[in-house]
Amino acid sequence: MFHYEFMVIAFIVALLLGAVFPLLGGTVVYKRLSSSGDALAHSSLAGVAIGLVAGLNPLYISIAACVVSFLIIGLLRRKFGSHAEIGVVVVLSAAIAVTGILSGYASAANFESYLFGSILLISYEELYIVIGLSIVVAAFYFLTYQRQLHCLYSEEEAKIAGIHVRWLDFAHSLLFALTVAIGAKIVGSLVVSSMLVLPTATALLLKKNYRITSIASVIVSILSMAGGVIFSYYLDWKPGATSVGIAVLLLLLILAYKGLSLLLKRKKTA
Amino acid sequence: MKRLLLLLPSLLLASCAPSGNAKPTIVASFYPISFLASSIAGDKYDVVCLTPSGAEPHDFELTPKNVTTLYDSKAIFVNGLGMESWVDSLQESLKEKTVTLSDGLPTKTIDSRIDPHVWLDTRLYEKMAENMATSLAKLDPSNVQFYRDNCATFSKKMADLREYCHKIADAFEDKVIAVNHAAYGYMCNEYGIEQLYINSISPDEEPTQKAIEDILKAVEERGIDTIFFEELASDAVAQKIAKETGAKTESLNPLEGLTAKEEREGMDYFSIYRQNMDKIARSKP
């Protein structure tokens, strides 16, 4: 399997992005914005369409579209209060509409090649981008770990404690949007929007503290991403779909395990 | 047991080792390209077609096995003109051995976009066969004559096909067809037929109001009685138009791929091209 260089690169990228996705996705899940990955992936498509029609670099515009979209989601989140997820749907719909309208003006061929992300076809340049992104995300995560935890616990208290909540939020948004835009281009939007949420969801089922949940989500995510690369090689499946399939399977397994142990406990007490 | 254990590594080695006497492979992106490849390369190369039968080349995504095939192959033949969106994302070493067969062909545009369906023009397809023969000759100079001969045989078959189609087209008085996806521009152009279409680029795109209105009007005004759709894509729009105008629907194959049934029945480029022309000729009011 590792006889081929492209498989080595795919494996490295699976490990790196596998760690990066849940580190950023966790916060989004806790903020009840789980589908923002999906919304942003569509925004990045809209960005590609705008770039192609306006004759600008589609990759940069798609990154910009992601950042702007996530800031809008953040604003709408404050507006809608307890219905935070509405903002996500608004952005998602707008992005799909823009893409649909503009795709009539851009050449379909060009469009497809920008949408096309496959972990099997990663250039050196893309590999370096992934490595750079991973370093930045890891640094951000560990440097702001305490402050983020504080904000998640209570934004009000964090403010009183002197944490620049807005700035922290903005920095996280920026990194999150950047990761979705780059991730969609490199490994495809299905993988990105799933890996931002599923591993954290699985880890949450364990009902442990924040630290263990974070660690577990990274492990689940890496297992899914790397497993997708390995299994798809031997089964001749599509790697992205295989990774997502594994992530869902892991979630179901933990769910089944939890259900069973609950059942056993009840029997013991009964 | 011991003997078995001793045997094991050699068995493993035998199954893993790239067998030296196996034929080298060349990769083709989708049907018309793989048909050219096997016609010209004959028994000198194994031809692997990346898009499986029954799949639409536009929707195609690579698996690890596909990519290993690309790495192990001597050359990768593609149509180009945007039919294979994955070519742009290939690693440099793969791009280097990729041959775009449509290079240098006079292409046509449809709604200000390049129409990629060049293989439906028999003369352009012949040119692509020549391009294929030239690059195979470069790859394997000891068999230059073999590839030239195959190319000549292929050209002769194309000439026969052209003659057959011209005869049919001449008898087809209407000289107009209605299709759901404008894939037949090159074919229609060759035989002086006009192509009315609903979608210009993608067979599965949502059509605009105006496109539907235009085609409804045209179908009624010109007494067209058949709306053509393609087998590898949805026929919903064609059905709708047919219902609205009382026309019937019929399938045409733009030869982007064969259906599983066509493959079973041993059909190929030539027989399907003929079948398309027959269907068009039968669509008289």
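**Close-up 1. A salt bridge between two helices of chain B.** The side chains of B:Arg162 and B:Glu126 form a salt bridge, with 2.9 Å from N to O; the term denotes a side-chain nitrogen of Lys or Arg within 4 Å of a carboxyl oxygen of Asp or Glu. Because B:Arg162 lies in helix α6 (residues 144-171) of chain B and B:Glu126 in helix α5 of chain B, the pair ties together parts that are 36 residues apart in sequence. Helices (H or I, at least four residues) and strands (E, at least two) are DSSP runs, numbered from the N terminus. B:Arg162 is buried, with a relative accessible area of 8%, and B:Glu126 is buried at 13%. Buried means under 20% relative accessible area, exposed over 50%, and partly exposed in between (1.4 Å probe, protein chains only).

The model is predicted: local features need pLDDT of at least 70, side-chain atom pairs count only at pLDDT 80 or more, and totals for chains, interfaces and linings use all residues. Residues are numbered from 1 along each chain as its sequence is written, chains are lettered from A and ligands numbered from 1 in the order in which they are written, and side-chain values use heavy atoms, without hydrogens and water.

**Close-up 2. The open sheet of chain B.** Four strands with parallel pairing follow the order β2-β1-β3-β4 in chain B; two strands pair if DSSP finds at least two bridges between them. The edge strands, β2 (46-49) and β4 (98-100) of chain B, each pair on one side only. From one strand to the next, the twist averages 25°, where axes are lines fitted to C-alpha atoms, for helices over the stretch in contact, and angles run from 0 to 180 degrees between N-to-C directions. Helix α5 (residues 122-139) of chain B packs on the sheet and touches β1, β3 (75-78) and β4 of chain B, contact being heavy atoms within 4.5 Å. The direction of helix α5 makes about 175° with that of β3(B).

**Close-up 3. A salt bridge between distant parts of chain A.** A:Glu155 and A:Arg78 form a salt bridge, their closest N and O atoms being 3.8 Å apart. A:Glu155 belongs to helix α8 (residues 155-160) of chain A and A:Arg78 to helix α3 (residues 58-80) of chain A, 77 residues apart. A:Glu155 is partly exposed, with a relative accessible area of 22%, as is A:Arg78, at 36%. Both belong to a network of salt bridges that also links A:Lys31, A:Arg77 and A:Asp169.
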